[in-house]
Amino acid sequence: MESTAMPISISSGRTSRLAAAGFLALAALLVPAPVASAGEARTVQSRSDDVAPVILLDGAKGAEGIAAAGSTKFFAGDLVTGDIYRGDIRRDKATRFIDAPAGRIAVGMKVDRHNDLLFVAGGPTGQAYVYNTDTGKTVKTYQLTKKKDVFINDVALTDHGAWFTNSRQGELYFIPVDDDGDLGNVRTLTLKGPAADTSKQFNLNGIAYSRDAGRLVVAHSGNQALYTVSPRSGASTAIKGVKVPNVDGILVKGKTVWAVQNMSNQISRLRVNFHESTAKLREVITSRHFNIPTTAALFDDTLAAVNAKFGVLNAKTFEVVTVDARTNATR
């Protein structure tokens with residue numbers, strides 16, 4: 001039975017990201033503070049020797065999202081231009097695969113390998129882009145919402161389609177995909193409960209799907225929290241026992257949740273009891289190569305995280321950093 005004791009503060013700080021003119025500028029506000037308290041979790045800094053520790057996104061002007069596309073292959077996005085890069089965690093360079101049309105940006109993304117589709121969140125455009133992963137061609141562009149105050153941030157896949165978060169509105173968007181890989185019309189899910197809170201400058205962020213629980217899991221940057229969401233009703237429940245300041249992208253596998261904490265320069269591995277909606281911190285994963293990581297993709301026992309470098313002046317390069325996903329799978 002998972003503990004329901006007072007929440008563990010994994011780190012502290014405050015992060016907000018703002019969309020500005022040209023769909024380009026993101027700003028981050030940070031109040032520095034220590035990471036996990038001693039004894040709460042071990043810090044992991046190693047990774048497997050058969051993968052590259054740092055993978056350059058060759059020519060990228062920004063970075064934010066990454067999606068696993070096979071046992072070692074991935075796609076990553078250029079936040080500024082919307083271009084999509086294709087790489088391999090065993091190699092130290094990823095090259096541009098999709099030259100996106102002007103006006104697009106690329107935030108979170110996921111790959112539907114069964115249907116050869118890449119879903120990309122379009123940030124302040126209010127759009128989502130679907131690409132063919134073989135040809136790189138645009139399959140469809142969706143206007144998820146016509147509201148002006150929007151930031152379409154991240155994507156999660158289920159067996160039936162793709163879900164998108166909006167960091168400025170208390171709602172999710174669903175693009176259905178049928179058994180033949182055909183795309184349907186977008187649907188809006190209005191959220192209820194704590195996940196619907198839009199009182200902060202930046203709210204819903206990362207999203208993942210727990211097949212075991214049959215629920216979506218969302219990260220709320222402003223509330224430093226994780227919530228589960230019913231994909232049918234939109235009802236939400238707080239996952240108690242942890243706080244996750246600076247939380248950005250998240251991954252879910254079984255009872256494990258990895259939470260990327262951008263300005264904290266770390267990824268926290270949590271053990272979650274979805275039935276009781278509680279969690280415990282298991283590990284804090286760091287790397288000397290982290291420079292404001294935002295999202296991550298999982299490759300067996302390896303995490304590949306993107307350095308967004310928010311607030312880093314005159315950043316010239318952007319890269320993916322690999323780390324061990326855990327030191328002991330039975331913990």
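Helices (H or I, at least four residues) and strands (E, at least two) are taken here as DSSP runs, numbered from the N terminus. By that count the protein has 0 helices and 27 strands. This is a predicted model, so local features need pLDDT of at least 70 and side-chain atom pairs count only at pLDDT 80 or more, while totals for chains, interfaces and linings use all residues. Residues are numbered from 1 along each chain as its sequence is written, and side-chain values use heavy atoms, with hydrogens and water left out.

**Figure 1. The whole protein, seen through its surface and contacts.** Of the 331 residues, 56% count as buried (under 20% relative accessible area; exposed is over 50%, partly exposed in between; 1.4 Å probe, protein chains only). The accessible surface comes to about 13900 Å², and 47% of that belongs to carbon and sulfur atoms (Shrake-Rupley method with a 1.4 Å probe; for residues, only the protein chains shown count as cover). Take the contacts (heavy atoms within 4.5 Å) between residues at least 6 apart in sequence: 52% of them join residues at least 24 apart. A search of the whole structure also turns up 11 salt bridges, each a side-chain nitrogen of Lys or Arg within 4 Å of a carboxyl oxygen of Asp or Glu.

**Figure 2. Lys73 and Asp88 across the β5-β6 pair.** Here the side chains of Lys73 and Asp88 meet in a salt bridge, 3.4 Å from N to O. The two sit 15 residues apart, Lys73 in strand β5 (residues 73-77) and Asp88 in strand β6 (residues 84-88), so the pair links distant parts of the chain. They also face each other in the pairing, with Lys73 opposite Asp88 in β6.

**Figure 3. Strand β6 with a partner on either hand.** β5 and β6 run antiparallel and are joined by 5 bridges (two strands pair if DSSP finds at least two bridges between them). Their hairpin has 6 residues between the strands, and in it Gly82 takes a positive phi near 80°. Strand β7 (residues 93-98) also runs antiparallel to β6, joined to it by 3 bridges. That hairpin passes through 4 residues, and Ile84 stands opposite Ile98 in β7. β6 is largely enclosed by the rest of the structure, because 4 of its 5 residues are buried.

**Figure 4. A salt bridge between Lys110 and Asp154.** The closest N and O atoms of this pair are 3.9 Å apart.

**Figure 5. Glu171 and its neighbours.** Glu171 lies in strand β14 (residues 171-176) and forms a salt bridge with Lys147, with 3.1 Å between the closest N and O atoms. Since Lys147 is in the loop between β11 (138-143) and β12, the pair ties together parts that are 24 residues apart in sequence. Glu171 is buried, with a relative accessible area of 8%, while Lys147 is partly exposed at 40%. The side chain of Glu171 also makes a polar contact with the side chain of Tyr173, at 2.5 Å (a pair of N or O atoms within 3.5 Å; within protein, one must be able to donate a hydrogen and the other to accept it, and residues adjacent in sequence count only if both atoms are side-chain atoms). Leaving aside residues up to four places away in sequence, Glu171 touches others including Thr145, Phe164, Asn166 and Leu189.

**Figure 6. An open sheet of 4 strands.** The order is β16-β17-β18-β19, with antiparallel pairing. β16 (204-210) and β19 (236-238) stand at the edges with a single partner strand each, so one side of each has no neighbour in the sheet. From one strand to the next the twist averages 30° (axes are lines fitted to C-alpha atoms, for helices over the stretch in contact, and angles run from 0 to 180 degrees between N-to-C directions). Antiparallel β16 and strand β17 (residues 215-220) are joined by 5 bridges, with Ala208 opposite Val217 in β17.

**Figure 7. Arg269 in strand β23.** Arg269 lies in β23 (residues 266-273) and is buried, at 2% relative accessibility. Glu283 is 14 residues from Arg269 in sequence and 5.1 Å away in space, C-alpha to C-alpha.
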